[in-house]
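Please give a short briefing on this protein chain for someone new to reading structures.

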Amino acid sequence: MSVVVETRNLSFSYENGIKILDKVNFKINKGEFVLLTGQSGEGKSTLIFLLNGIIPNLIYGKKEGDILINEKNISGKIAGELAREVGIVLQNADHQIVEKYVEDELAFGGENLGFKKETIQYKIDLITKLMKINPNAKCRELSGGQKQKLITGSTLLMGQKILILDEPLANLDLNSSIELLNLLKSLSCNGYTIIVSEHRIDLILKYADRILAIKDKKVVETSKESIIFEQKSNIIQCENLEKPCKTQLFSLKNAFFKIKNNLIIEDISLEIFREERVLLLGENGVGKTTLMRILGGLNKLKIGEYSHDLIKEKRHIKIGSSKWFKKVGIVYQNPNYQLFMNTVLKEIYFNCYSKEYADYIISLFNLKNLLLRHPQSLSEGQKRKVSIAAILAMKPDVLLLDEPTVGQDYNSLKSLIEIINKIHKETNNTIISVTHDIRCACALCDIAVWLKDKKICKIGDKSVIDDYFSWQSKRAEEFSS
């Protein structure tokens, strides 16, 4: 079996002097499906960027040692050369999308590699069918999960035999995750080498041939048994909090929302009460994020009725104003959209309730060692923690969380959920969350809302979570068979 990826005494430090990898040695063979694990911030994304030339061509630092792709040293090769051999799906989908329409985005890579027009069109037809995405849709109007499917499809179209995927399941529902994993496994059985960095280990473990773990700046091989032991009790539980008499906070009646001719949600009526933790469930593209944005005042409802009782003197607070967003804190699906200061400390202090309260949040999140770092220099998991901490530091009455667990290993995830619920208990805030992560769904929920086919399918207590994931599991089994 031929070796297609190899590192020899590979070390890397960023320009700030922080060493991420130290004398790393490993080999990956042709046709292997390799799972790359490790805690958030340990260096998984850094290693991936080294393997495909993003480091040091686009991100600078001190690199030592060698990387061999197909038995050739890549030192001195530009990223464009390596792109013909190594395909990469980044953790942040928006960083890879360059075209306006899905079909053009899929064609972009093949055109740059000089594929024939007929070949590109054949692959577009195949990939849009496999990924269940509309070739005529606008890229910016896709959900986070649909964007993830798009960039994965764009990479597959280019046909590189070494594929690296960084958190590809982060924004995908269960069915989409199983479909993608089945496709990747099929490719590995046909000679493709697949390297996947992923925290949703419960889904991916049975597909992997080998597991490489990053720990203490080294890469070591580990067994499925040890990973299973670590992940054995990975459903995070939370106490059921007693709620006072219900006071309505948000109300939607017969709400419809369209983007041009694209219907996103249809005839939704929903009441949300103060101090509740409301969880929005559903497959990619059913309208979860849109519904959350309407409730949060980011999208204006044109058909249907929307009302709120955020404060009694409504005339003094305009929906969408700066005063409104001191009351309503929104954590976006993509943390890069809201991190704009030049240090983590300034990010958390910006718009905070008080510096004393911000320092309290910093201590809860254990961010002291990151305070002088630029937020955009952090790992995706660290960015997510900082973006949540910055919003919590505002002490908002309403907290909207869109996929808050992306990029978190199990320990970080458990800590994050515990902090969110601690603040909820202390401040009596209202939390509205979207997640595909079964590990934390129950711990974010008093009331679950299941969206299906752009409508509300079911509303209820935590039992709705079991119904939803059982339904998804059944569909996944049917698909796999």
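Here is a briefing on a predicted model, grouped by topic.

**The sheet**
- Six strands form an open sheet with mixed pairing. Their order is β15-β16-β17-β13-β18-β19.
- Strands β15 (328-331) and β19 (455-460) stand at the edges. Each has a single partner strand, so one side of each is left without a neighbour in the sheet.
- Neighbouring strands of this sheet are turned by 15° against each other on average, direction ignored.
- Strands of a sheet pair through backbone hydrogen bonds, either parallel or antiparallel.
- β13 (residues 277-281) and β17 (residues 430-434) pair in the parallel sense, over four bridges. Leu279 has Ser433 in β17 as its bridge partner.
- Helix α10 (residues 288-295) packs on the sheet. The helix touches β13, β16 (398-402), β17 and β18 (447-452). Its direction makes about 155° with that of β17.

**A buried loop residue**
- Gln338 lies in the loop between β15 and α12 (344-349).
- Is Gln338 buried or exposed? Its relative accessibility is 12%, so Gln338 counts as buried, the cut-off being under 20%.
- Leaving out residues up to four places away in sequence, Gln338 touches Ile330, Val331, Tyr332, Glu347, Ser387 and Ile391.

**A nonpolar surface patch**
- Tyr122, Leu126 and Leu130 form a nonpolar patch on the surface. Together they have about 320 Å² of accessible area.
- Tyr122 sits in helix α5 (residues 117-131).
- Tyr122 has 57% relative accessibility, so it counts as exposed, the cut-off being over 50%.

**Backbone details**
- Most residues other than glycine have a negative phi, and most peptide bonds are trans. The next points show some exceptions.
- Ile55 and Pro56 are joined by a cis peptide bond, with omega about 10°. Pro56 belongs to helix α2 (residues 54-57).
- Asn70 is not a glycine, yet it has a positive phi of about 50°. Asn70 is in the loop between β4 (61-69) and β5 (72-73). With a relative accessible area of 34%, Asn70 is partly exposed.
- Glu275 also has a positive phi, near 70°. Glu275 is in the loop between β12 (262-273) and β13. At 21% relative accessibility, Glu275 counts as partly exposed.

Terms used. Residues are numbered from 1 along each chain as its sequence is written. This is a predicted model: local features need pLDDT of at least 70, side-chain atom pairs count only at pLDDT 80 or more; totals for chains, interfaces and linings use all residues. Side-chain values use heavy atoms; hydrogens and water are left out. Patches are made of residues with over 30% relative accessible area and no salt bridge: like charges are joined within 9 Å, nonpolar side chains (Val, Leu, Ile, Met, Phe, Trp, Tyr) within 5 Å. Accessible areas come from the Shrake-Rupley method with a 1.4 Å probe; for residues, only the protein chains shown count as cover. A salt bridge is a side-chain nitrogen of Lys or Arg within 4 Å of a carboxyl oxygen of Asp or Glu. Helices (H or I, at least four residues) and strands (E, at least two) are DSSP runs, numbered from the N terminus. Buried means under 20% relative accessible area, exposed over 50%, partly exposed in between (1.4 Å probe, protein chains only). Two strands pair if DSSP finds at least two bridges between them. Axes are lines fitted to C-alpha atoms, for helices over the stretch in contact, and angles run from 0 to 180 degrees between N-to-C directions. Contact means heavy atoms within 4.5 Å.
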